[in-house]
Amino acid sequence: PVLDTEDAWASVEGPVSIVELALEQKRIHYPLVEHQFVLCTILYAIMRFSLKSVKPLTLFDSKGKNAFFKDLTSIQLLPSGDMDPNVLSIRQQFLAKVVSAAVQALCSSQKAKEVSEEDLFPFEKGKNWPTLAADLAQYLQVSEDVVKRHYVCELYSYGMDHLGEE
C-alpha cells in the first residue's frame with residue numbers, strides 16, 4: 001500500500017510509526033492460522049464441556065501435527081483431501097461428543113432455571129455449540145449432515161422435541 005504523508009510529518013524525528021512497522025512484517029500463511037484456530041476451538045470445546053479421554057492431537061494426521069510447531073509466516077504442507085479413515089472416525093466421534101455435551105448442558109440449564117448458562121459463562125452468550133461443531137466438521141473433513149443428524153437425535157433423546165423439529 002502507498003502511504004501518503006504531509007510534508008510537515010516528513011521532518012519529524014522519533015521512533016518508527018506502527019504503520020511502517022506493520023508493513024515491514026512478513027505476511028502470514030492464512031491456512032496455517034486457520035489450522036491453529038481449529039486446534040484452539042477443539043481445545044476450548046474439550047475444556048468447556050470437560051470431555052474426558054480426548055487427545056486433541058489424534059484428530060490430526062502427521063502433516064497437521066507438524067504444522068502446529070512452525071512459524072506462521074512459513075508455508076507448510078497442510079493435510080490434503082485424502083484422509084486416513086481412522087482419523088476421520090476419531091474426528092466424527094469427537095464432534096458427536098461435543099454435540100452431546102452441548103445438548104446435555106442446554107437441557108440441564110433449562111431444568112435449573114435459577115442459574116442460567118449465560119450467568120455461568122457470560123463470554124459465551126449467543127454461542128451455539130452444535131452449529132460450531134457443524135462448522136468445525138467442514139475443517140475436519142467430516143460430513144456436516146452426520147453432525148446435524150446426531151444433534152437432532154440428541155435433542156429428541158433429551159425430550160426437546162420442539163427444538164428437534166426445527
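Select helix H5 (residues 85-111) and helix H7 (residues 129-139) in this predicted model. Their axes come within 9 Å and cross at roughly 170 degrees. Angles over 145 degrees count as roughly antiparallel, so H5 is roughly antiparallel to H7.

Next, display the side chains where the two helices meet. On the H5 side, select Phe94, Leu95, Val98, Val99 and Ala102. Their partners in H7 are Trp129, Pro130, Ala133, Leu136 and Ala137. What kinds of residue make up the contact of H5 with H7: nonpolar, polar or charged? The contact consists of 10 nonpolar residues, with no polar and no charged ones.

Now centre the view on Ile42. Which residues is Ile42 in contact with, leaving aside its neighbours within four places in sequence? They are Pro56, Leu59, Phe60, Phe94, Leu136 and Leu140.

Finally, show the whole chain. The chain contains 9 helices and 0 strands. Of its 166 residues, 28% count as buried. Among contacts between residues at least 6 apart in sequence, 70% join residues at least 24 apart. With the surface displayed, the chain exposes about 11400 Å², of which carbon and sulfur atoms supply 56%.

Conventions
Residues are numbered from 1 along each chain as its sequence is written. This is a predicted model: local features need pLDDT of at least 70, side-chain atom pairs count only at pLDDT 80 or more; totals for chains, interfaces and linings use all residues. Side-chain values use heavy atoms; hydrogens and water are left out. Axes are lines fitted to C-alpha atoms, for helices over the stretch in contact, and angles run from 0 to 180 degrees between N-to-C directions. Helices (H or I, at least four residues) and strands (E, at least two) are DSSP runs, numbered from the N terminus. Angles under 35 degrees count as roughly parallel, over 145 as roughly antiparallel, 65 to 115 as roughly perpendicular and the rest as oblique. Contact means heavy atoms within 4.5 Å. Ala, Val, Leu, Ile, Met, Phe, Trp, Tyr, Cys and Pro count as nonpolar, Asp, Glu, Lys and Arg as charged, and the others, Gly among them, as polar. Buried means under 20% relative accessible area, exposed over 50%, partly exposed in between (1.4 Å probe, protein chains only). Accessible areas come from the Shrake-Rupley method with a 1.4 Å probe; for residues, only the protein chains shown count as cover.
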